[in-house]
Amino acid sequence: RRVDLNQSKAVSFAGDIITQLKSFGRWLLQTAPSDILEFMSPRVAEDVADLLESLIRLCFVSDMRVFIAQKTSKVRSVFNGPQAINLTQPNRLIQKMLRDVGVVELVLDLVVIPFVEKGVTTENVRLNPDYNGFNVVAERSYAVLRAMMIDNHLNKSYIARYIGWFTLPLSSEICQLGTRMETVSTLIELFSENTALLSNVHVETIKLFTDVLLEDFRFPRFVKFLAVLCSCRDQPIKENQNQILDLLSTPEQRKALMQARVVPIDDKKRSGKLASYDIEVFWQGAGQARFGDSGSFFLSQMREKTKQVANAKESDLPPQLLAYKFFIEQMLLFIALLRGRNNAAFQFFTEHAEDYGIQYKTLLKVLTNENMPFVYREICVKVLHSLFLDQEPQVAVDLMRSVRYRHQYPSEDSAEEQHGDGDLSRSATLRGAGGIAAAPVVGKTRSLSDIDLLA
């Protein structure tokens, strides 16, 4: 049997990396909890991150000769930063090979051991800069899992067995949702287009993400995860949609969402007259306490910053741009909840349309305002279509295709004789979706307008 040269080189190269990562895992396991910070120094963390980065790049390589020639190139992340080689099309054979040699368990051990065995908590990782090395290793470990899952449902099914580690309750000291370890991004990739998981989402999982929005963790990735749960392969999942709506419709949970309102803007210096309108986006309650003045902004200010927001990681965004990204993901969540003409979503958004800036007249003003970001205008078109143009449920209707009629009806005695002649031009029949139905035979003459048409 012929062996593909690229696959053979990939196996050999991955084997060297895995051997080094296993050695690091053994050292990590043998290190005393009191010495864990000294062991996980920035230099060690960076070396481990480089090894994990090589596994990420390996998942997308089609030519190992190019990969080996460029493996010394610095790539910040598979999803961000400059890229020396094409990292868009995953190599499924290499993804499968990494799964078979135990890479999933290996990279998870690098994350689990410090928390479970060495007493590290997410509060340490989130607030103490001395623990940045753990953030770096965990973030890159989860990036390996995401790279292995892209367009690979078998790997998603395999990694799903460890979902309990990712969704620890908020009361746990090692709940990872508020950290920079990209746990939620890994869950988004795991659930995306995964029929087996999306059809069996527990309400406690959804509640975990709606509750976290009421905490200090108001990040766009939490809203994006909720949107992923609403559909699979463009087909709505009504049960998930309704569960999310039930949790978000309470007065307390509505405070976790941003509000929007139309504000007239006096722009005489530029146009010599009163400009059309601008949209002010703001938080009320807990959101204002977290973001302060940065949580309130005008959308016209964000027109030139959309690309910056799209390409940057959440941890690198200033508070105002982070709030803008949250608002965009919130609008995409609204579209996901409305998908499939969900009646519960229609009722909720119709009742609170003024709070979220999705009234019909507001959406039209956004579409005609050239100062609005193009991304937001595109989203408003979809909201307009979902909420106002495509809201009636589909009902099957039988349509009449042809009509044959006679000028007068025969008497009851001669009906059988005349029908036997086969003169269809003088018989009253209807041809519809259900077949041919004869008009009722009566004993007197009736005009065409008196005939009861039967579909």
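**Entry 1**

Is Arg126 buried, partly exposed or exposed? I looked it up: Arg126 has a relative accessible area of 33% and is partly exposed. I use buried for under 20% relative accessible area, exposed for over 50%, and partly exposed for what lies in between, with a 1.4 Å probe and protein chains only.

Some ground rules for you before I go on. The model is predicted, so local features need pLDDT of at least 70 and side-chain atom pairs count only at pLDDT 80 or more, while totals for chains, interfaces and linings use all residues. Residues are numbered from 1 along each chain as its sequence is written, and side-chain values use heavy atoms, with hydrogens and water left out.

**Entry 2: the whole chain**

I counted 25 helices and eight strands in the protein chain. Both are DSSP runs numbered from the N terminus: helices are H or I with at least four residues, strands are E with at least two. Of the 455 residues in the protein chain, 47% are buried. I then turned to contacts, meaning heavy atoms within 4.5 Å. Among contacts with a separation of 6 or more, 69% join residues 24 or more positions apart.

**Entry 3: Leu21**

I picked Leu21, which is found in helix α1 (residues 5–30). Leu21 counts as buried, at 0% relative accessibility. Which residues does Leu21 contact, leaving aside its neighbours within four places in sequence? I found Val48, Leu51, Leu52, Leu55, Leu106 and Leu110. I also checked one pair: Leu21 and Leu52 are 31 residues apart in sequence, and 8.4 Å separates them in space, C-alpha to C-alpha.

**Entry 4: two helix pairs**

Two packed helices are described by the angle between their axes and the distance between the axes. My axes are lines fitted to C-alpha atoms, for helices over the stretch in contact, with angles from 0 to 180 degrees between N-to-C directions.

I began with helix α8 (residues 132–149) and helix α11 (residues 183–191), whose axes come within 9 Å and cross at roughly 15°. That makes α8 roughly parallel to α11. The angle classes are under 35 degrees for roughly parallel, over 145 for roughly antiparallel, 65 to 115 for roughly perpendicular, and oblique for the rest. The α8 and α11 crossing is left-handed. By that I mean that the near helix is turned anticlockwise from the far one by less than a right angle; clockwise would be right-handed. On the α8 side I noted Tyr142, Leu145, Arg146 and Met149, and on the α11 side Thr183, Ser185, Thr186, Glu189 and Leu190. Sorted by class, this contact has four nonpolar, three polar and two charged residues. For these classes, Ala, Val, Leu, Ile, Met, Phe, Trp, Tyr, Cys and Pro are nonpolar, Asp, Glu, Lys and Arg are charged, and the others, Gly among them, are polar.

Next came helix α15 (residues 238–248) and helix α20 (residues 319–338), with axes that come within 9 Å and cross at roughly 130°. That makes α15 oblique to α20. I noted this crossing as left-handed too. Here Gln241, Ile244, Leu245 and Leu248 of α15 meet Leu333, Ala336 and Leu337 of α20.

**Entry 5: salt bridges**

Side chains of opposite charge can pair when their charged atoms come close. I call it a salt bridge when a side-chain nitrogen of Lys or Arg is within 4 Å of a carboxyl oxygen of Asp or Glu. How many salt bridges does this rule give? The count comes to eleven.

Arg126 came back here, in a salt bridge with Glu123 at 3.1 Å, N to O. The two are three residues apart in helix α7 (residues 122–127), so about one helical turn separates them. Glu123 is partly exposed, at 41%.

I also looked at Asp100 and Arg99, which meet in a salt bridge of 3.7 Å, N to O. Asp100 is partly exposed at 48% relative accessibility, whereas Arg99 is buried at 15%.

**Entry 6: positive phi**

Most residues other than glycine have a negative phi, and most peptide bonds are trans. I found a positive phi of about 65° at Asp234, which is not a glycine. Asp234 is found in the loop between β1 (231–232) and β2 (235–236) and is exposed, at 64% relative accessibility. Arg341 also has a positive phi, about 60°, and is not a glycine. Arg341 is found in the loop between α20 and α21 (343–351), and is partly exposed with a relative accessible area of 22%.
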